[in-house]
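Q: Could we go through this model together, starting with its pockets?

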Amino acid sequence: MSWGFETDPEYQQDLDWVDEFVRAEIEPVDRVIDHAWDVRDARRNALIKPLQQRVRERKLWACHLGPELGGPGYGQLKLALLNEMLGRTHSGPVVFGCQAPDSGNAEILAHYGTPELKERYLEPLIENEIVSAYSMTEPQGGSDPTAFVTRAELDGDHWVINGEKWFSSHASFASFLIVMAVTDPDADRHHRASMFVVPADTPGIELVRNVGVSGHEAIGDTHAYIRYHDVRIPADHLLGERGQGFAVAQTRLGGGRIHHAMRTVGLVRESLDMMVERAVSRRSGTGTLADRQMVQEMLADSWIQLEQFRLLVLQTAWKIDRYKDYRKVIADISAVKAAMPKVLLDVAGRAVQLHGSLGISTELPFGSWVMESFHMGLADGATELHKIQLAKQLLKNAAPAPGLFPTRHIPALRADAESKFAGLFGED
């Protein structure tokens, strides 16, 4: 039986190095570059590329990937421990080669791409020589992909794509986009769509505008509203089988959801650490904020929420490593995704309150973290949908009680117990 909560000493040394590396090297970079995903920015490259090389030398590059794709194959549990530290930064995931959406798009290409597509896009994507975008959500259909209307029609040896996509993050930096489009409108709702690789320089792609996110003003507007006008791509740019777009999407969405949660642990921990520092630093009356019982309650509640959430994330990561199949961990991933926004909102919100006017200012990061909690409640599926999915998983094997009363009805259980032991005791 193996059941423990200790990190092996060798990897703990790596984590200790990462913690110091993030504080001393990556966090300062966040404050002087525009956007870590913009591989065309000379200033960004001058600062980030040397850090990436140090990560490679430490053999911590792209830890989510197996050796066949150039990574160490550490698995999701080790990646969770790593992402806790990277999650408190903007540039950290890029420096370590595990940034979204590229990490998920790499998984799709690895599973479904042709050898030519892998050579052209997967290899440079893994090395962060290029970045990518995931173009799935539509203006009229966000959390319900069955409502998508963007079409891809086969015309000889090419697919022709027409439609609109919304919030295609980092499209303005991307060398290619992975696009979901309807290919079989008369099929059942989960076999209507297919997935494609679309080179970013293909004629007919119109970037209508880049949309910003409240709280992320410092990194600019990077979520694209796109129109596809008769965009022609080779037939072999289809990923997987025709009509299997939903199945292909799950290759990246399961991992994407747990990776968001891993990084969110880092933001929650950072919020709590800043609260603790504030509590012992800020004078109030004859003592400090730390002497106030309501402040102590805020700290205690925050620690409890953090540890509960962190353990759920780590256990889910462990199950993914064990089962090697996201479908077997669907309930756990849904639970993590549903819990994540509230934990971040609660703890970051308390941090705002504890820091007073400074907490709501742009001189501390809590405002962006509060908005990030709402972002996490929408990215890769709304919280409400994940709660529904979790409930369905709990209910699918449930059986109704055989009689009028519940199976744990005390009078019936007492009668059964008396019958079971009737021969052991004499009658009164």
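**Pockets, cavity and surface**

A: The second largest pocket is lined by 28 residues, and those nearest its centre are Phe5, Thr7, Leu77, Leu81 and Leu314. A pocket here is an open set of points on a 1 Å grid over the protein atoms alone, with protein on both sides within 12 Å along at least five of seven lines, and lining residues have an atom within 4 Å of a point. This is a predicted model: local features need pLDDT of at least 70, side-chain atom pairs count only at pLDDT 80 or more, and totals for chains, interfaces and linings use all residues. Residues are numbered from 1 along each chain as its sequence is written, and side-chain values use heavy atoms, with hydrogens and water left out.

Q: What volume does the second largest pocket have?

A: About 850 Å³, where a volume is the space filled by probe spheres set on the grid points, which are joined across faces, edges and corners.

Q: Which helix gives the largest share of its lining?

A: H1 does, with 6 residues. H1, helix H3 (75–86), helix H7 (245–281) and helix H8 (293–323) each supply at least two residues of that lining. Helices are DSSP runs of H or I of at least four residues, strands are runs of E of at least two, and both are numbered from the N terminus.

Q: Where is Phe5 found?

A: Phe5 is in the segment before helix H1 (9–30).

Q: Is Phe5 buried or exposed?

A: Phe5 counts as exposed because its relative accessibility is 68%; buried means under 20% relative accessible area, exposed over 50% and partly exposed in between, with a 1.4 Å probe and protein chains only.

Q: Which residues form a nonpolar patch on the surface?

A: Phe5 is one of them, with Trp3, Leu311 and Trp318, and together they have about 510 Å² of accessible area.

Q: Changing topic, how many cavities of 30 Å³ or more are there?

A: The count is 1, a cavity being a set of points where a 1.4 Å probe fits but cannot get out. About 80 Å³ of space lies in the largest cavity. Its lining includes Trp61, His64, Asp102 and Asn128.

Q: Which helix gives the most to that lining?

A: H5 does, with 3 residues. Helix H5 (102–112) and helix H6 (115–126) each supply at least two.

Q: What does UniProt give for residues 10–129?

A: The unreviewed entry carries the annotation "domain: Acyl-CoA dehydrogenase/oxidase N-terminal" there. That span is 63% helix and 0% strand, with its end C-alpha atoms 30 Å apart.

Conventions
Patch = residues over 30% accessible without salt bridge, like charges linked within 9 Å, V, L, I, M, F, W, Y side chains within 5 Å. Areas by Shrake-Rupley, 256 points an atom, 1.4 Å probe, with all protein chains shown as cover. Salt bridge = Lys/Arg side-chain N within 4 Å of Asp/Glu carboxyl O. UniProt positions renumbered as here; feature names shortened; annotations may be inferred.
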